[in-house]
Amino acid sequence: MTTSTARTGPGTTPEIKPYLRLLTATQFAFNTGFYAVLPYLATHLGDGLGMAGWLVGLVLGLRTFSQQGLFVVGGALTDRYGPRPVVLSGCVLRIAGFCWLAQAGTTATVIGAVLLIGFAAALFSPAVESETARAAVAYETVTGTPRAQVLAVFSAAGQAGAFIGPLLGSLLLLLGGGFRAACLAGAVVFVGVLAGHARLMPRRPRRVRTPRADAFLPREVFANRPFLVLCLVYSSYLVSYNQLYLALPAEVERATGSQSALGGLFALSSLLVVFAQLPLTRWSARRTAPRTALVAGLAVVAAGFAAVPLAPDGPAGLLPGATLVVLLTLGQMLLVPAARGLVPDLVDDHRLGLATGALSSVSGLAVLVGSAATGTLLGTPGPVLWAVLAAVPLAGAALALTLSGKRPSPEPVTTVTD
């Protein structure tokens, strides 16, 4: 296992901090632009373009596949060419995709636009996430600040963007601009991101390496047992968190007769992350090992599912659903920075982009399978459904216990900015 760090010495911290600010601002801007469009896509396709329900579902599924499923491609390209060209290419494709979607009026053009939008994220997200992890390790080495605390700032910025983006989209819709205006606003956000990164992101590739026979499926990643265990642990979390979009709507409709309260519950989740992520992670990172944070976070997620059939219906019947949202979000805040902070310890530095992408791609595949399985359980009695859902994060917590409880000592091997 190799840990990547920054060079030490005078001037190191000033180099790292602006880079971290750039990456964090990037995550905020990415989510703001993305969520200004995504929440309104299904309605636009169904009501605006008259697509059948199954076709709307297909289009949304293709977007998810072209994004989450191809993260591993973006990560591999980041390792090969460095983050700058990959991020800039992703921004250009996202701008083109949003502009195309604003004009698309047929099934073929809509599918082409959403595939382009998804693939753009598959490029820049692994690049930004792996660079953030690398810079967080460097900052930890230089200042002693736990890397999970740095990664928590990144997560909170993303959630802030996910909260503000839909508000921006709603404002444009209320002003009469329609879905096209939301798409163009998203494109404008990414024009700003592109300009900022063209000016501020390091210009040279991080490494130039001779291609190897195992370049596509390197053993350092895909035969790395601790990393594969982490992928399974993270998958158990993501399958569980995805129930906010599958089991939670069913519960809210059962309790209230409609899904109109979902928006408020999602806003509650985002606001919890924005306001509680940093203090919670600061407390956790200084008092617990990453493995402990993983286990505790998954246990809290499991408690959220177990609480649904036990919690009495509160005002408007939303107390069980609100309990689930709060505990899932608290579990997420504990485990996600810890999980992402472990990746640089489990793989070689020159494979960090690929590993970051693989973590998301493996988890995305697990969500696809897990969602299909959960869908078949939605008609079962409530206690059975929630017990099965609680078992998933508990299994992940048991796997997390097999990971090393200690982090290896950092070894300076590279710089943060080339």
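Start by selecting Arg 340: at 17% relative accessibility, Arg 340 counts as buried (buried means under 20% relative accessible area, exposed over 50%, partly exposed in between, with a 1.4 Å probe and protein chains only). Before you move on, note that this is a predicted model, in which local features need pLDDT of at least 70 and side-chain atom pairs count only at pLDDT 80 or more, while totals for chains, interfaces and linings use all residues. Residues are numbered from 1 along each chain as its sequence is written, and side-chain values use heavy atoms, with hydrogens and water left out.

Arg 340 sits in helix 14 (residues 319-346) and Glu 129 in helix 6 (residues 107-143), so the pair ties together parts that are 211 residues apart in sequence. Helices here are DSSP runs of H or I with at least four residues, numbered from the N terminus. Glu 129 is buried too, with a relative accessible area of 15%.

Stay in helix 6 and pick Arg 134 and Glu 131, which are 3 residues apart, or about one helical turn. Their side chains form a salt bridge at 2.5 Å, N to O. Arg 134 is buried at 4% relative accessible area, and Glu 131 is buried at 1%.

Next, select Glu 140 and Arg 147, whose side chains meet in a salt bridge at 2.8 Å, N to O. Both residues are buried. Across the whole structure, a search finds 5 salt bridges.

Which side chain of opposite charge is nearest to Arg 94? Select Arg 94 in helix 5 (residues 83-103) and look for Glu 129, which is 11 Å away; Arg 94 is buried yet has no salt bridge. For charge, Lys and Arg count as positive and Asp and Glu as negative, while His and the chain ends are not counted. Not counting residues up to four places away in sequence, Arg 94 touches Phe 34, Gln 67, Ile 117, Ala 120, Ala 121, Phe 124 and Phe 190 (contact means heavy atoms within 4.5 Å).

Finish at Ala 76 in helix 4 (residues 71-81), which counts as partly exposed at 32% relative accessibility. Leaving aside neighbours within four places in sequence, Ala 76 is in contact with Gly 353 and Leu 354.

Key: Helices (H or I, at least four residues) and strands (E, at least two) are DSSP runs, numbered from the N terminus. A salt bridge is a side-chain nitrogen of Lys or Arg within 4 Å of a carboxyl oxygen of Asp or Glu.
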